[in-house]
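Dear colleague,

Please read them with the coordinates open beside you.

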Amino acid sequence: MIAPGGRIQIENVEKSFGANGHAMPALMDATLEIQGGEFICLLGPSGCGKSTLLNIVAGFIPPTRGRVLVDGRPVTGPGRERGVVFQEYALFPWLTVAENVEFGPRLAGRPPAERRELVARYVGMVGLSEHRGKFPNQLSGGMRQRVAIARALANTPSIVLMDEPFGALDAQTREVMQDELARIQRLELKTIIFVTHSIREAVYLGDRVVVMTRSPGRFKEVFSIKLPQARDRFAPEFTHYESEITRVLKDEVGAAHA
Amino acid sequence: MIRAAALLIFLGSWAVVAHGNRALEAVPASLLPTPGEVATVFAALAGDGSLARDLLVSSRRIAEGFVLAALAAGALGVVVALSAPVRLMLQPVIEFVRPIPPLAFLPMFLVWFGLGETSKVAFIAYTTFFPMFVGMAASLMRVDVALLRAAASLGATRRDLLWRVVLPSAIPGIVTALRLGFGLAIFVIVGAEFMGADAGMGNLIMEGRTFFNPAQIVMGALLLGVLGSLVHALLVAIERRALRWRGAA
Amino acid sequence: MSNPTIGDRGRASALSTISDLMQWGLRGAPPPARRALGLRMGAVLAFVALWSGAAGAVSLLKLFNPIFLAGPWLVFGTLLQVARDGQLWGHIAATLERVVLGFSLGALLAIGLGLLAGASRVLDRVVEPVVELLRPIPPLAVLPLFIVWGGIGEASKIAFITYVTFFPTFLATVHAVRGVEPVLVRAAESLGARRGQLFVRVVLPAALPEILTGIRVSVALAFFVIVIAEFVGAERGLGYLINDGRNFFLVPQMLGAAVVLGLLGSAASFLVSLVERRWLRWERPSTS
């Protein structure tokens, strides 16, 4: 039942904003091949274009140059095979938790029985079964983000794109959510692109970590995280990756503040 | 509790001032009606059914004008929200007409539609149209891009985006616009019935001036105040109930 | 696994595409400045053309008595004529006089009383019930009372405008004074501010934005109701011009006066917003 996630090819993607003539590239020369089921973390200082790249893969904005292929087909707009989890949750405030989660399947015309099953499964998976009838404004930040994740997953996308999903949470909740996500990923095996600020988070979650330069953003270095599935944040190998990446990133951050 | 007490104090002071005035003859007695006189007028008009008739007539005009305007505002609001060219074209027109106080057009409506019901209904419709239209269009356009993106990445088509995201997210704003429009209709109907009307609350109040019966004016005004706040409270309650999901937001 | 949906294809391009919606929501892409200007001017011209066309069609085709729909040129021409022979200014002055006097009085009373009521719980307890009782009453319903009391002269009109302008500003002032953040007061106190200083240097400035908002509403309201005050028993004024036109179906006069009134109202609102911008510079984060 579990097929591995979609394959993504990012080919020479470049994005500039601004009117003709004043084009400032936010993102340049982004090239990467992502296998099905891989967990990729995009890491970099503010303004390095990591969110821009995510939005391009999601199909929300077109690249100025280059293209993105999903399973061999070019991306021309948003689509249900690329689910998105936003930093600001973007839950539909007029719908309950359950209704939010079944939004995608509903659009796809799935029969009610199937929708109920999907909702039960994914709301349960994120641990919010008792809250299924509540509205988003009755939930805490962490709970809302869990609903957002459940909503994206319930639509059975092959790829999940996450833009600093835990950015607005406090430190403790954040770590709990990271554990949750890692656990879910082991079950679902989606291809995930995860944008973050936090080196710790990237090392904890990612199969590969892509470190980006400051604006105009390029891929500086790609780290392969060879750690076991269940990761120990305090293991020496973990810390080693952390310090390696910190070193690489520090140049960028330092320069950005110069 | 405090409100009731304050009300009593107000009534009390009013009575004192009015009756005191009679005793001292500071101001012509007829100019300062006592609570008793006002109550008498109320009883008289309520008794012979003319009060009910006036209330009904005014309410009818408000209702008809408001519904017309609401439908038009909704339809045009959707069109303007969805189509940038239409919006750009209509904008100068709207910005030109909007600052003109609607009451300034009242005589024009009387000229165009005569002195009958139509002119009043049309006037109410015109007055409430603009604020509701602007409010509804703004609510529709204010939809959060993140919500549109979320829905699109869940597989929404353009039609889905309109019906399942834009409209639901605009409903609170639309309801508020309707409520404000209705309030405006109530505000304006009185003025609209001052001239060229033979029935209605505005006419009733104006008669108080024509026949030098200030008690009637005061009675009409107070009654409108009471009814107005009741209606307002009702509308707010409905709004709150229908939008439970808004919560603190 | 189908690729992304572009939605209903083949629809008129006047509606936003998915791509536009994803980037800018319903507002659409910001059009290049020049094009936007061109579109606006085109729209204005189209409006004038439409209006003229409608008026022309009415008289040519005799749809109804052409008196009822005056084209823009007629309105403009009438206005110019009335302006040139001096009458218009007298009417404008009359209207402005009433509005300005009434508004000034109302605003002063409102702010004065509002500050006191906001600062003193006792005074507020006394004043609030009265205000709460009077507030729901449509001000227009009270106009005849002012006329009965004051006759049809200037006094009753000015008094009426005063009454109308009072409420929004008063309520805003009270609310603003009450709403001053306690932490600001505490900060000032810990810096040694005494009662009087607190009020002048902390409460007043903090309350100013909301008070100005109340003023803006009051100004709009004053222009809103002045017309009707001038319908009923006036010899001069823009409202008088409008109502007077009814007698002989002088629609250009009616429309013209209405337009002038709209311009005055806009100008007044603009003035208030200028004041806001000047005095409330500290509110806006500066972009640098």
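Before the rest, two points on provenance and conventions. This is a predicted model, in which local features need pLDDT of at least 70 and side-chain atom pairs count only at pLDDT 80 or more, while totals for chains, interfaces and linings use all residues. Residues are numbered from 1 along each chain as its sequence is written, and chains are lettered from A and ligands numbered from 1 in the order in which they are written.

The secondary structure of chain C comes to 11 helices and 0 strands (helices are DSSP runs of H or I with at least four residues, strands are runs of E with at least two, and both are numbered from the N terminus). Along the principal axes, the C-alpha atoms of chain C fill a box of roughly 75 × 75 × 35 Å.

In the interface, 52 residues of chain C are in contact with 62 residues of chain B, contact meaning that the C-beta atoms, placed from the backbone, lie within 7 Å. Among the elements that give two or more residues to the chain C side are helix 2 (33-61), helix 9 (195-231) and helix 11 (251-279) of chain C. The residues of that side divide into 39 nonpolar, 9 polar and 4 charged, where Ala, Val, Leu, Ile, Met, Phe, Trp, Tyr, Cys and Pro count as nonpolar, Asp, Glu, Lys and Arg as charged, and the others, Gly among them, as polar.

A helix pair in chain B

Helix 7 (residues 145-153) and helix 8 (residues 158-192) of chain B pack at an angle of about 145 degrees with their axes 10 Å apart; axes are lines fitted to C-alpha atoms, for helices over the stretch in contact, and angles run from 0 to 180 degrees between N-to-C directions. Leu147(B), Leu148(B), Ala151(B) and Ala152(B) in helix 7 meet residues of helix 8 including Leu161(B), Arg164(B) and Val165(B).

Domains and sheet of chain A

Chain A is divided into domain 1 (1-81 + 158-172 + 184-258) and domain 2 (93-156), with bounds that come from an automatic or database domain assignment. The centres of the two domains, taken over C-alpha atoms, are separated by 26 Å, and 8 residues of domain 1 are in contact with 8 residues of domain 2. On the domain 1 side, the touching residues divide into 6 nonpolar, no polar and 2 charged.

In chain A, 6 strands form an open sheet of mixed pairing in the order 6-7-8-3-9-10, two strands being paired if DSSP finds at least two bridges between them. Strand 6 (82-85) and strand 10 stand at the edges, each with a single partner strand, so one side of each is left without a neighbour in the sheet. Strand 3 (residues 39-43) and strand 9 pair in the parallel sense over 4 bridges, with Cys41(A) opposite Val209(A). Strand 9 (residues 208-212) and strand 10 (residues 219-224) run antiparallel and are joined by 5 bridges, forming a hairpin with 6 residues between them.

Key
Two residues are in contact if their C-beta atoms, placed from the backbone, lie within 7 Å.
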